[in-house]
Amino acid sequence: LLPTERQAQKMKDERKGVTPERNAQYAAKLSRMISCKTGWTHEGTYSSDFQKFYGELERLFPNLTARAKKLTFGSGCFVYVIEGKQAKKNIMLMSHHDVVEGSEDWQTDPFQPVEKDGYLYGRGTIDTKTPLFAELQAVEELLARMPELSLCLDLFHLNRNCADMPAFIRKYAGRICMVHFKDAIGDTPVPAGQGDVNWAGVMDACRDAAVPYGFAEQEKWDR
């Protein structure tokens, strides 16, 4: 289906945020994917091209290759898995990467991409290496822009939700940049050392986790 005039204009407006240099990089990556003749046949005629394609994916998307676990099922079916913090909340991106052989009457070699008037021509540009490239590139850029975040722990709230605060601190060693020390009995703030916080355990864990900074808040005083 062809896009409506409004949809076409929306797509043009969205592309305005992409610099010519970035657009050229995208086109070069996609061209390398298209140049792999991943034509599907019962005889496996293009098995070497499929292997070339898998190698190109590793080179074109290094962040994904380094961070994801690759699971292979049979011939040509694989899944990249990036484990998150919550196993029950998942996002799945799916695509195929095989194409028809391109035996139609092409004006150019269908597996030698040609850029003309801002468009890229070649077998698979629509079905479906462009959608596959978009998915992989989006993940690649997200991985580059979203490193592990640093944490600032508030012991008052952590105490209400975590049975073992020292274990929590050690679990995220290297990510905790500051600890907010505050004591309480239940929901009631009390002077440090008079509440539920396991101070000896917390301080030992902070040393073990090399937490660089901490500050104490005394909401109520006993003097």
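Buried here means under 20% relative accessible area, exposed over 50%, and partly exposed in between, computed with a 1.4 Å probe on protein chains only. The model is predicted, so local features need pLDDT of at least 70 and side-chain atom pairs count only at pLDDT 80 or more, while totals for chains, interfaces and linings use all residues. Residues are numbered from 1 along each chain as its sequence is written, and side-chain values use heavy atoms, with hydrogens and water left out.

Colour the model by pLDDT, the predictor's confidence in each residue from 0 to 100. The protein averages 83, and 87% of the residues score at least 70. Confidence is lowest in helix α1 (residues 5-15), at a mean of 66, and highest in helix α3 (residues 47-60), at 94; helices are DSSP runs of H or I with at least four residues, strands are runs of E with at least two, and both are numbered from the N terminus. Where pLDDT is low, the predicted coordinates should not be read in detail.

Select α3 next, where D49, F50, F53, Y54, G55, E56, L57 and L60 are buried. The cover over the buried residues of α3 includes α2 (20-34), α4 (62-67), β1, β2 and α5 (129-145).

Select E56, which forms a salt bridge with R32, the closest N and O atoms being 2.7 Å apart; the pair links helix α3 to helix α2 across 24 residues of the chain. E56 counts as buried because its relative accessibility is 9%, whereas R32, at 35%, counts as partly exposed. The side chains of E56 and R59 also meet in a salt bridge (3.5 Å, N to O), and salt bridges that share partners join R32, E56 and R59 into one network.

Finally, select E141 and R22, whose side chains meet in a salt bridge (3.8 Å, N to O). E141 lies in helix α5 and R22 in helix α2, 119 residues apart. E141 counts as buried because its relative accessibility is 18%, while R22, at 31%, counts as partly exposed.

Technical notes: Contact means heavy atoms within 4.5 Å. A salt bridge is a side-chain nitrogen of Lys or Arg within 4 Å of a carboxyl oxygen of Asp or Glu.
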